[in-house]
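Please read the points in order.

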Amino acid sequence: MGVFDGLLTGLQVAFSLQGILFVFIGVLLGTIIGMIPGLGPISAIAIMIPITYGMDPAIALLMMAGVYYGSMYGGSTSSILLNAPGVAGTVAASFDGYPMAQQGKAGKALAISAICSFIGGTVGVVLLMVFSPLLSKVAISFGPPEYFALMLLGLLAIASLSDGSVVKAFISATLGFIVVMIGIDAQTGTSRFTFGNINLLDGIDFLVIALGLFAIAEVAFLILFRKAGGLKDAKSIGTLKLTKDEAKEIAGPTTRQSFLGFFLGVLPGAGATISSFIAYITEKKLAKKPEDFGKGSLKGLAGPETANNAATTGAFVPLLSLGIPGSGTTAVMLGAFLVLGIQPGPLLVSEHPDVFWGVIASMYIGNIILLILNLPLIPYLARILLIPRPLLISLVLMFCFLGVYAVSFNIADLYLLLLFGILGYLMRIFAFPAAPFILAFILGGMMEQSLRQSLTISGGDLAIFYESPIALTIFIVSVLFLFVPVLKGIIKKGRNTTNLSA
Amino acid sequence: MKCTLMASICIAGFMLGACSSEAANSSSGEWEPAKTVELVAPSGAGGGWDTTARMVAKVIDEANLANKSFGVINKPGGGGAIGWADNYRRNDPHNIFVASPPLIFIHLNEQSKYGFKDFTPLANLIADYGAFAVRADAKWDNLQELFDDLKKDPTAATVIGTSTPGSMAHMQFVQFAMEAGVDVKNVRYITEQDGGAITSLLNGSVDVFSTSVSVAVDQARAGKIKILGVTSSDRLQGDFLSDIPTVKEQGYDAEFVNWRGVLGPPNMTDEQIHYYEKLFEKMLATEQFAEIQEQFGWNTMYLDSSEFTEFLEEQENDMDRLLKATGFKKE
C-alpha cells in the first residue's frame, strides 16, 4: 500500500463521525489537562487505558494521541498567564510569554501561542506522513555520545538566558546541576544526596522546581512588593489581532522551528523540552535585536511554541514506525496500543494500516479543532488576569500545591515546593536568573547520564566523542554558537574603527 | 510452563500460619472487605505495576468477583519504597499492592527498609521472562558464542538494560554469564531508562540488550534484532515465541522469572489471606483476563499465599548470593 492509498484509508477512519467525535474529546481533554499544572498527559492516558479496552483500536488511539498533543497546546496557557509552567515543554514559552501578559498583551501572547502551535503541529503531521519510514533511520542514529553533544548544545542557552551577569547565570545553573543529582544514580544504583530520606530517592520532580522557582517566587515577589505596584490589577488583556508587521516578525521563527522542532522530536529522549529551548536560543542568536528577548519578544514566544508542538508530532515517528517510545508519555501510549492488541513497530504500517494512517490523518483534524477551540477561548482565558490580584495569587498558590500533590500524593513534595519557592524568591531579590537553573535541571540529568554511558562503552576513552560524525558536527555547531557573536563583535569594532579613520 | 514452574517449587510449608495472628476474626470463618479495596501501584501511572493493577481491578469489577469495588491508587517514589512504607504504616487489609522482583532487589540493595518479609504475600498472578537480544547482523548466533567471547575478554560486548546495576535487568544477565564462567565484574553495563535502550542497540552503541520477552519480541519478529535466549525453563508458547531457544537448553542451568503478584500489609488473618487468594484465582480464570494476558504477553503463574511466600524466599536467597558474588553487596 502506497502512502497515498494509506492516507485515504486513514482519512476514512479519521473523518468518520466516530473519528471526529473522539478526536474532539481527546484534544478537548488534552487542552484542559495541559492548562492545569500537575495533570499531565501521562496520567490521563494511563487512566484511559482500561476505558478504551474493547473500543475500535484506531478510534481509541486517535483519541489518546489527541490528549497528548492537545496537552502541549494547552500547557502554555498557564506559563504565559501565570508564569506557572505545568509541562517541561512549555517552560521556554514563559520567558517571553509572561512578560507580554504583564505588559497587557495577554490576548496577543495566547493568540501567537495558538497559531504557532497550529503551524508547528500541522507541518509536523505533513512531515510525519511523508517521511515517517525514512525518518525511522534518523531516529536511531543517536547513541549516548550524540545525546551528550546535543545536551551540551542545549546548555549553551545558559549564557543567552542571562540578562545581566553571566557569572550569576552560571551560579544558578550550577545549583540546578546539584539539585538534579539528588536521588538514585542510574549508572551505579547508589543514592546521592538523599541523606537517608526515602522521599528523595527518586529525585525531585520537575513540577516542584518549575512551580517553586517560577510561580511561588513570583507570587512572593508580588506580595512583598505590593506597595511598589505589584498588586495593581491588570487593566486590559489587549487585542488578539496581530498586525501585518507582527505576523511578518513571527513568520521566520515559525517556519524554521516547525522543521527543527520536528527533527529533534524524532530523536527518542530529546523531545519537546529540548526542542523548545534550542528554538529559543537559535531565535535569539538569529534575531536582529536579541536584547528584546526575555522582555516580551514575539519571536521569543513564537519559536518555542512552534517547536514544542512540532516535536510532539515528531515523537510519533519512533513510536509508530519503530515501536520505540521516546518519552514517558509515548511509553504509556505504547502500553495503550498493546492493550488494544496493536503492536507499534516496523510491521504496523502493513499489519494495521487503518491504525497507522488513521492516527496520522486524525492529527490534521485534531490541530484544526484545537485552533478553533482555542482562539475563541482566549478572551475568556486571558480574563483570568482581570481577577483582583489578591484573589488571583491565592488561586495560583492553591493550584501549585494541588498540582504538586496530584503528581505524587506525597506531603514531602509540598515542603520541597515551599523550599524552592523561597529559593526562587531569594534568587529574584539578588538578581539571579531562574531560567538557567531549570535548564540545567532538565538537561543536566540527561547530559550526565549520556556522558557516563559513553565513557563506560568506550572504557574511558574520550575519542568516542569525536569519532562520531554526528556528535562532532554538533560540537562544531556549539563552538560556532559561542564564538560567532564574539567574532561579529570584533569585526563590527574593526569596521567602526576603519570608518572613523577614513 | 506454569505447571513445571509450580512443580519445581516444593510443596509449601505453612510459614504464614506462624506469622499471622489467629485471634482476629475467629467468630466468623469468612472475611469480606468492608469498604473499597485500594490496589496500590507503588509507581507512577504507566509501566508494569500500574498496568497490572489497572487490569486486575478492571476485571474484578467487571466480572463482579468481589462484594466491594477495587480502586487503583498510584503511590510513586523511591522505586516503590514510598508505597511499601505507606502500606506498612497503614496496616489495613483493604490496602494491598502489586509487586515484582524489584521488591527483592531494592530491599537487598538497602534502598528500602521493607522487604517481602515485612508484608503478607497473597498470591502471584503472572510472569514475564527475561530475554537477551543482539542486533540482527551481530556475529553471535547463540549465547555460547557470546559468552565464549566474554570469557576471553569481558569488555568484548557492552550490555544495556533499563534498571540500575544490581537490579533486575543487570542481574538476570549476570546470573547466566556467571554460570558460563564470565568475569562479570568487568562486563560493561549501562543503564538507559528512557526507552533509548533499544535505540542504542539498533545503532550499534551497545551490543546486548538485557530485557523482557514482551519488549524484545516485536523487534525480533520484524527482523531487526535476534533473541539469543529467553530465561524461562521451557520454551514459551506462540508461533514466533516457540522458535526462541531458552538459556537452559543452551547448557546454562538457571532461570529468571519476572513474577508479578499481590502482597498485603503485615499480620493479615488466615481468613483475609484466604479471601484474596480465592479472589485472584477466580480472576485469573476469567476470559477477560485471559484476553488481556494474550495481548500483553503475560504468562499465568498462579501461586497461592504459602507457595508465593516460599517462592519469594528462594528468590531472595538466590539474588542475595548473586549480589554478594558480584560485589554489589558486602558479604
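1. The contact between the two chains takes 45 residues from chain B and 44 residues from chain A; two residues are in contact if their C-beta atoms, placed from the backbone, lie within 7 Å. This is a predicted model, in which local features need pLDDT of at least 70 and side-chain atom pairs count only at pLDDT 80 or more, while totals for chains, interfaces and linings use all residues. Residues are numbered from 1 along each chain as its sequence is written, with chains lettered from A and ligands numbered from 1 in the order in which they are written.

2. On the side of chain B that touches chain A, at least two residues each come from α3 (47-62), α4 (81-90), β6 (188-191), α8 (197-202), α9 (213-221) and α11 (287-296) of chain B. Helices (H or I, at least four residues) and strands (E, at least two) are DSSP runs, numbered from the N terminus. With five residues, α3(B) gives the most to this side.

3. The residues on that side of chain B comprise 13 nonpolar, 22 polar and 10 charged. Ala, Val, Leu, Ile, Met, Phe, Trp, Tyr, Cys and Pro count as nonpolar, Asp, Glu, Lys and Arg as charged, and the others, Gly among them, as polar.

4. Chain B is divided into domain 1 (26-127 + 259-325) and domain 2 (129-257), with bounds from an automatic or database domain assignment. Taken over C-alpha atoms, the centres of these domains of chain B are separated by 28 Å. Their contact takes 12 residues from domain 1 of chain B and 12 residues from domain 2 of chain B.

5. On the side of domain 1 of chain B that touches domain 2 of chain B, α5 (102-108) and α12 (305-325) of chain B each supply at least two residues. The most comes from α12(B), with four residues. This side of domain 1 of chain B has 10 nonpolar residues, two polar and no charged.
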